[in-house]
Amino acid sequence: GRRYEDTHVDLVTAGSRVKVKEGRHFPTYKQGDEGVVVSVDQEARACVVRFDGRLHAVPVGLSHVHCLHRAPEQQEPPRRERPQRAEPAPTTPVRPQYSPS
């Protein structure tokens with residue numbers, strides 16, 4: 001079966017707000033750091049995060065962060081708007097005008 005951590009990495013998408021988990025200490029980020037995900041590579045199980053107060057985004061393993069808030073477009077299923085069909089302009093019957101000759 002999948003581990004608990006594995007079931008929640010799918011929540012992390014570009015635009016998600018994440019926080020580094022406890023016990024993680026790396027040169028470019030550490031536990032408690034928060035930021036916004038710039039991109040996700042599910043196959044590599046990694047994401048790129050722009051941490052608050054930092055100039056550059058850095059690569060982070062998905063196992064090192066947990067999702068605080070999903071990206072806004074991911075919170076609700078996207079609504080499919082039906083394209084509105086242009087209403088035909090109302091037509092007024094044209095009456096032929098007869099002029100007495």
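Between which two strands does the loop that holds Arg24 lie? Arg24 sits in the loop between β1 (17–20) and β2 (34–41); strands here are DSSP runs of E with at least two residues, numbered from the N terminus. The model is predicted, with local features needing pLDDT of at least 70 and side-chain atom pairs counting only at pLDDT 80 or more, while totals for chains, interfaces and linings use all residues. Residues are numbered from 1 along each chain as its sequence is written, and side-chain values use heavy atoms, with hydrogens and water left out.

Between Arg24 and Val65, 41 residues apart along the chain, the C-alpha separation is 9.1 Å.

The strands come next. β2 and β3 pair in the antiparallel sense over six bridges, where pairing requires that DSSP finds at least two bridges between two strands. Ser39 stands opposite Val48 in β3. Four residues lie between the strands of this β2 and β3 hairpin, in which Arg45 takes a positive phi near 55°.

β3 also pairs with β4 (residues 58–61), in the antiparallel sense over four bridges. Here Val49 has Val58 of β4 as its bridge partner. The hairpin of β3 and β4 has six residues between the strands, and Gly53 takes a positive phi near 80°.
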